[in-house]
Amino acid sequence: MNRQFGTPSKSDRIVAGIIDQIREGSLAKGQAIPSINAASERYNVARKTVVRAYQKLADQGFIESHHRRGFFVVDRQPNAKLKVLLLLHSFEAHFEILYNEFRKQVEGLCEIEIYFHHYNPKILELIISRNISDYDMYIISSFNHPKVSNIIGRIPAGKVLIISRNDRLGNKYNTIVQDFFEGTYQSLCSAKEQMAKYRNVQLSFPEKGGHPETLKNAFLQFCNDFSVPHKIVNSLENMEIRKGDAFLVIDDSDLVKLLKVCKIRGWEPGRDVGVISYNETPLKEVIRNGITVISCNFGEMAAEMAAFIKNRISVQKIIPIKLIKRNSF
């Protein structure tokens, strides 16, 4: 289900209004903003709503509290670019789409620095600990490890946007993510008729690759629900590829092996073997007359990220995963 707080909350409207005043220069650095009581009357909201809004502004680095004096705009240029740390799993082709589109949409607003954690909690901790106070916003693709929540939890929640995966983090942060179970399951359902022409379907799922377990669970649920002969393997590297089988591959290295085998043996993907790849890239649209993929729209994800940066409205959005049918299956 696509979930988003499409209507800004009262506190979000206060936050957005004050940020706009800061960026436009009507609230200068060092200038006091209305007290909690004054803002409560001005916006006709409860005091706790103002407190929530001011906490968000403080978390995001726009204001600070001076004991017994009130709240003041932080000493920063109103039109200064936001410093954004973008922390991804790795720079794979689909993340390149996301990065390039995001950079284009926030051009002039942000300075983006990109890092990669490679599903390694030690690297994640090192990157965050070394940059804990250097950025206005931290955009992070999470992964499934028991230490991740505590590591990311060191950053004020208002400065964090979680993208792609939300493993172990609950509803604490703003999120723009994928639902790997539902999206994968429904995509496989869309390909159910074509599967009948293959002897079995094999999922290549590298156990140490950091991929979401919910993806594998969706595959198993689908195969069990519809009595599809199936198998899960760790890799296609040392495996015999047989004519009449179908393959769902997560890593592009397995896709390359499949296509090499087809080329050597004169097989046609979609006729002699079935091929479904995960995560759309421009190359998959054109090689071997098109590779069928299961993927979200990474351009859409980038657009939602940019909208969050521009508007600072709370978001919990799921980017849908769909089957893109092409000739390989």
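Leu86 stands opposite Ile114 in strand E4. Strand E3 (residues 82-88) pairs with E4 in the parallel sense over seven bridges; two strands pair if DSSP finds at least two bridges between them. Strands (E, at least two residues) and helices (H or I, at least four) are DSSP runs, numbered from the N terminus.

This is a predicted model, in which local features need pLDDT of at least 70, side-chain atom pairs count only at pLDDT 80 or more, and totals for chains, interfaces and linings use all residues. Residues are numbered from 1 along each chain as its sequence is written, and side-chain values use heavy atoms, with hydrogens and water left out. The predictor's confidence in each residue, pLDDT, runs from 0 to 100; its mean for the protein chain is 91.

The open sheet has six strands in the order E4-E3-E5-E6-E7-E13, with parallel pairing. Strands E4 (110-116) and E13 (316-319) each have a single partner strand, so one side of each is left without a neighbour in the sheet.

Two nonpolar cores are listed below. Such a core is a set of buried Ala, Val, Leu, Ile, Met, Phe, Trp, Tyr and Cys residues joined through side-chain atoms within 4.5 Å, where buried means under 20% relative accessible area (1.4 Å probe, protein chains only).

| Core | Size | Residues include |
|---|---|---|
| Largest | 67 residues | Tyr54, Phe102, Ile309 |
| Another | 19 residues | Ile128, Ile140, Ile152 |

Ile309 touches residues including Leu82, Phe102 and Ile139, contact meaning heavy atoms within 4.5 Å.

Note on methods. Buried < 20%, exposed > 50% of the residue type's maximum accessible area, 1.4 Å probe, protein only. Lists of a residue's contacts leave out its neighbours within four places in sequence.
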